[in-house]
Amino acid sequence: MQPYAVHPDRSRGRCFPEPAPQGRSEFQRDRDRIVHSTAFRRLEYKTQVFVNHEGDHFRTRLTHSLEVAQIARSIARNLGLNEDLVEAIALAHDLGHTPFGHAGQDALNECMRAHGGFEHNLQSLRVVDVLEQRYAAFDGLNLTFEAREGILKHCSAVKARGLGDVGERFLTHSRPSLEAQVANLADEIAYNNHDVDDGLRSGLLSLEQLAGVELFARHRAEVAARYPALDQRRVVHETVRRMMNTLVTDLIGHSRDSIAAAAPGSADEARRAPPLIAFSAAIAQEQQALKDFLRAHLYRHFQVNRMMSKARRIVEELFEAFSGDPRLLPPEFQERARRDGARAVADYIAGMTDRYAIREYRRLFSIDEA
Ligand code: MG
């Protein structure tokens, strides 16, 4: 590891002090706790663009998180950063997501408007700080400051003031560790590429449409020239694989140059430097064009819109029913609702998987369901 990497022996520690782990580092312990959490297992049945029952091969939030961890570890290894910390952040980054991806999050945020709003990124921190109930001595997973700092990607100044040490950087406008910066960009690389793959697999996107996206078109042309007789599925895989490789390689190269120029002597110096983990300008532009394409053609495809509209209705109606009559909640949440009001309802809904939310909706509103 390089001097600008976060060193586990210099961690700012955990909210509840614990004896040092045996046979693993502090960040390996964080990673292990995340993998064993309930919220992590639920990621298998939470989706962003495609809902679970639409097909067995689409990404779920679980496979997405594993892909992010893989990409993030590769980048971290090349840059001499702490791979274990990067992995812990990557595996935890989506723990706070509601069912039905962004439609679910937007609907819940709307429902919570008068009660401080709802933001999935903040909720990921809430999951690891408070909501997981597994340990005798504390609520949450009691992760290190560095893992928590990495999970909290963005935050308003108002919210940051209530978050203690992990909120500080949003008030002082400094950056998180390089490990957190890597996990964040690994997330982008993962979803841009797998959404192209899933979009094509589902038939919502076509190869003709993608011909207008430089990053895709360039790599597809390479594949066609080298393997002219390849079947279409393999053309897609090979193209996406090459795109991903280009993005990862560019990110490593450009970040390595920025780090060399800034020459931070410690992880804290790296936090005070301008963002050091970044794509080159040319690749950043191509990646942005791909994002814009996906927004216009996949995330706003009418079939996706229909699913999202259903999702919004489910979340809104569940929220209305539970907050109007907390006696409909499972007993442990009734108790929390007495104490925390609407926030307990939001926690309950946010914790649901897609299929659990659909089932709860039926149980509440269909006369034929128990
Ligand atoms: Mg993500």
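Analyst: Buried in helix 6 are H120, N121, L122, Q123, S124, L125, V127 and V128. Buried means under 20% relative accessible area, exposed over 50%, partly exposed in between (1.4 Å probe, protein chains only). Helices (H or I, at least four residues) and strands (E, at least two) are DSSP runs, numbered from the N terminus. This is a predicted model: local features need pLDDT of at least 70, side-chain atom pairs count only at pLDDT 80 or more, and totals for chains, interfaces and linings use all residues. Residues are numbered from 1 along each chain as its sequence is written, and side-chain values use heavy atoms, with hydrogens and water left out.

User: Which helices do the buried residues of helix 6 pack against?

Analyst: Contact here means heavy atoms within 4.5 Å. By that rule the partners are helix 2 (38–42), helix 4 (83–92), helix 5 (101–111), helix 7 (145–151), helix 8 (157–161) and helix 18 (342–351).

User: How far apart are the end C-alpha atoms of helix 6?

Analyst: Helix 6 spans residues 120–131, which is 12 residues. The expected span of a helix is 1.5 Å times one less than its number of residues. A straight helix would reach 16 Å, but the end C-alpha atoms of helix 6 are only 14 Å apart.

User: What area do domain 1 and domain 2 bury between them?

Analyst: The domain assignment gives domain 1 (24–304) and domain 2 (318–365); such bounds come from an automatic or database assignment. Buried area is the accessible area (1.4 Å probe) that two parts lose on being put together, summed over both. Carbon and sulfur atoms carry 62% of it, and the total is about 1,500 Å².

User: Which residues form a salt bridge with the closest N and O atoms 2.6 Å apart?

Analyst: A salt bridge is a side-chain nitrogen of Lys or Arg within 4 Å of a carboxyl oxygen of Asp or Glu. Across the interface of domain 1 and domain 2 the rule finds one. At 2.6 Å, the pair is R126 and D347.

User: Which element gives the largest share of the side of domain 1 that touches domain 2?

Analyst: Two elements give two or more residues to that side, helix 5 and helix 6. The largest share is three residues, and it comes from helix 6.

User: Where in the chain do R29 and E26 sit, and how far apart are they along the helix?

Analyst: Their side chains meet in a salt bridge (3.4 Å, N to O). R29 is buried at 7% relative accessible area, and E26 is buried at 18%. Both lie in helix 1 (residues 26–35), three residues apart, so they are separated by about one helical turn.

User: Is R73, the salt-bridge partner of E83, buried or partly exposed?

Analyst: The closest N and O atoms of E83 and R73 are 3.0 Å apart. E83 is in helix 4 and R73 in helix 3 (residues 61–79), 10 residues apart. E83 counts as buried at 17% relative accessibility. R73, at 23%, counts as partly exposed.

User: Which residues are linked in a network of salt bridges?

Analyst: The structure holds 38 salt bridges. The network links R24, R31, D32, R73, R77, E83, D84 and E87.
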